[in-house]
Amino acid sequence: MCKGSLVRLDGVDMNVSFWLKRIANVMERSLPNRCFLCQQPCTGGQGLCDVCLDDGEPGPLCLGCSRPLPAPVPWRCGTCLSKKRWRPLVCAYPYHHPLGYLAGAIKIHRRLSLLPPLCNALAQRIEALWQLGAIPRPGALLAVPMHKDKLPLRGFNHSVLIARALGRRLNIPVIEGRVIKQRMTLDQHGLSGTQRRQNLKGAFRVTEGPTLNNLALVDDVITTGTTFASLAATLRREGHSVSQYWALASALK
Ligand SMILES: [Zn+2]
Ligand SMILES: [Zn+2]
């Protein structure tokens, strides 16, 4: 039996969510669906074709900044080793990569069809790193929260959509509603490191509930790492623990 709210129309009970899904499926099959990069037709509601995804595979990436590495081991570039960036950062692509900048298009241009291929690429990288023993399996995923007044303007929290897609694909629970963004902040774009830290000071709040351990924080793009660091610090102050950061793309220097 399909779940969802029932409405009565012309004397017939209609399951709204069931019919909305049916309409979405018909539209997806009938409307032209083309790759965001090469404009070739692609299937399954994906915004990228298999050729572009295969050609764009960047190989091993640093677990501190996501810059390409000539070989996986020792997992981090010289800069990250010297800066002691030990908490793993896993990204599907460097941001300045043909596929990496598309991670920003999900939020900015509302290209939700890019979610499945980019999340799938990140999930594949995470699974490969698990098999190699390079990163631990997190206990749960937690997306960077959005202020409640911003949600109606955008219509979705892109980080939550990414976390849910990864959670489904990797069979990891997604924690929702435990951390809130309690005040509006400036757009981080264009701010210096100090300004970014000041902008996020006291922005997040953890609500009452069980202790959260071994979390992976999830976002679309990591630019300077300030958002992840601020969220992790807020969680740590309340007795919770973060083991790693996941993002679709990294612009870390
Ligand atoms: Zn393509
Ligand atoms: Zn690095």
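**View 1. Who sits around L118.** Leaving aside residues up to four places away in sequence, L118 touches L48, A92, Y93, L99, L102, A103, I106 and L248. Keep in mind that this is a predicted model.

**View 2. The largest nonpolar core and the elements that build it.** Zoom out from L118 and you're looking at a core of 41 residues, in which L118, L166 and W246 have the most contacts. The elements giving two or more residues to this core include the helices α2, α4 (102-108), α5 (115-131) and α7 (158-170). On the strand side, the list has β3 (89-94), β4 (140-143), β8 (215-222) and β9 (242-250). The biggest giver is α5, with nine residues.

**View 3. The zinc ion (ligand 1) and its four cysteines.** Here the protein donors are the SG atoms of C35, C38, C49 and C52, lying 2.3 Å from the metal. The angles they subtend run from 106 to 115°, so the arrangement is tetrahedral. Read along the sequence, the donor spacing is C-x2-C-x10-C-x2-C. Both C38 and C49 lie in the loop between α1 (16-30) and α2 (50-55), so this pair ties together parts that are 11 residues apart in sequence. As for how much of each one shows, C38 has 31% relative accessibility and counts as partly exposed, while C49 is buried at 8%.

View 4. C62 and C77 both come from the loop between α2 and α3 (78-82), so the pair links parts that are 15 residues apart in sequence. Check the surface and you'll find C62 buried, with a relative accessible area of 1%. C77, at 13%, counts as buried too, because the cut-off for that label is under 20%.

Key
Residues are numbered from 1 along each chain as its sequence is written. Chains are lettered from A and ligands numbered from 1 in the order in which they are written. This is a predicted model: local features need pLDDT of at least 70, side-chain atom pairs count only at pLDDT 80 or more; totals for chains, interfaces and linings use all residues. Side-chain values use heavy atoms; hydrogens and water are left out. Donors are N, O and S atoms within 2.8 Å of the metal (3.2 Å for Na, K and Ca); water is not among the atoms, so sites may look incomplete. Four donors count as tetrahedral if all angles lie between 85 and 135 degrees; four count as square planar and six as octahedral if opposite donors are over 155 degrees apart and all others between 65 and 115; anything else is irregular. Helices (H or I, at least four residues) and strands (E, at least two) are DSSP runs, numbered from the N terminus. Buried means under 20% relative accessible area, exposed over 50%, partly exposed in between (1.4 Å probe, protein chains only). A nonpolar core is a set of buried Ala, Val, Leu, Ile, Met, Phe, Trp, Tyr and Cys residues joined through side-chain atoms within 4.5 Å. Contact means heavy atoms within 4.5 Å.
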